[in-house]
Amino acid sequence: MLSGDIPPNQSIYVKNLNEKVKKEELKRSLYCLFSQYGRILDVVALKTPKLRGQAWVVFSEVTAASNAVRQMQNFPFYDKPMRVQYAKTKSDCVAKADGTFVPREKKKKQEEKAERKRRTEEAQQSANANGRNAETNGGPTPPFRQGNQGAREAEAAPNNILFIQNLPHQTTSMMLQVLFQQYPGFREVRMIEAKPGIAFVEFEDDVQSSMAMEALQGFKITPQNPMAIAYAKK
C-alpha cells in the first residue's frame, strides 16, 4: 500500500525490518535514525509472531512524519530496505493527548506500563551518569570540550576519519552506521570496547567526511547526548 492511500498523520508505520535484531536495539536504532526529522514521542516494536519486522514511530509534528516517509523509503536498515508509510491508526500517545484514546485489553496496558517504567529508569540512569560526568569535569561543560581533547580537535587537520565523542554507552556500531551511511563515501564505523562513548567513522575522503560532520554535529542520539564530531588525529 502506498503512503498516499492513508491521510498524513504524526505516526509512521515501518515494515520489512530485520527480524533478527533484538527489540531494544531495534527501537534505539529507529529512534536514532528518525529523530533527525523531529521530536519523537514514542517508538513501538513488538516481537510477537504477527508483528515481527514491523514498528511504529510517533512524531510530535505531522511535518516531521511526512519528511521521514519521503526520505527514508527503501533506506537500507540492518541490510534490508525499509518500507515506510503513514500509520493507519492513531497512536495511543497521540490519542491520549487529544482525548480520543480508547483503552485496549488489560494485557496491552500492562505491557505499556512496564515499558514506560523501563524508559523512565533508563532516563534516570542516563541523567545520573551525565551528572557525574559534569561533576568530574568541574561543571556542566561536556567532557569533550575540556583540556587535551579540545587541543586534539584544534590540532587535527581535515582528513577522511571522524572522531565521535559523547555517545551514550548503549550506542552500537550499527546505530552509528545507520546515521553515517546516509552520506556519500561512508566506509565503516570502528568502536573501542574498552572506551565506551567514543567511535571512529571512516569516509573515502576528507570532503565527504566534512559533509557528514557538518550535518551531524550536535545530533542527539538521546536528549542528554549531543554528538561531538572532530577530525581524527593521525
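Reply: Buried means under 20% relative accessible area, exposed means over 50%, and partly exposed lies in between. The model is predicted.

Me: Why is Arg190 called partly exposed?

Reply: Arg190 has 31% relative accessibility.

Me: What makes Glu188 and Arg190 a salt bridge?

Reply: A salt bridge needs a side-chain nitrogen of Lys or Arg within 4 Å of a carboxyl oxygen of Asp or Glu. The N to O distance for Glu188 and Arg190 is 2.7 Å, so the pair meets the cut-off of 4 Å.

Me: Which residue forms a salt bridge with Arg190 at 2.8 Å?

Reply: Glu202 does, with the closest N and O atoms 2.8 Å apart. This pair links distant parts of the chain, with Glu202 in strand β9 and Arg190 in strand β8, 12 residues apart.

Me: Is Glu202 buried or exposed?

Reply: Buried, because its relative accessibility is 14% and the limit is under 20%.

Me: What does the salt bridge of Arg187 and Glu202 tie together?

Reply: The side chains of Arg187 and Glu202 meet at 3.0 Å, N to O. Arg187 lies in strand β8 (residues 186–191) and Glu202 in strand β9 (residues 199–203), so the pair ties together parts 15 residues apart in sequence.

Me: How many salt bridges does a search of the whole structure find?

Reply: The search finds 3. Arg187, Glu188, Arg190 and Glu202 are linked in a network of salt bridges.

Methods. Residues numbered from 1 in each chain as written. Predicted model: local features only at pLDDT ≥ 70, side-chain atom pairs only at ≥ 80, totals over all residues. Heavy atoms only, no water. Helix = DSSP H or I, 4+ residues; strand = E, 2+ residues; numbered from the N terminus. Buried < 20%, exposed > 50% of the residue type's maximum accessible area, 1.4 Å probe, protein only.
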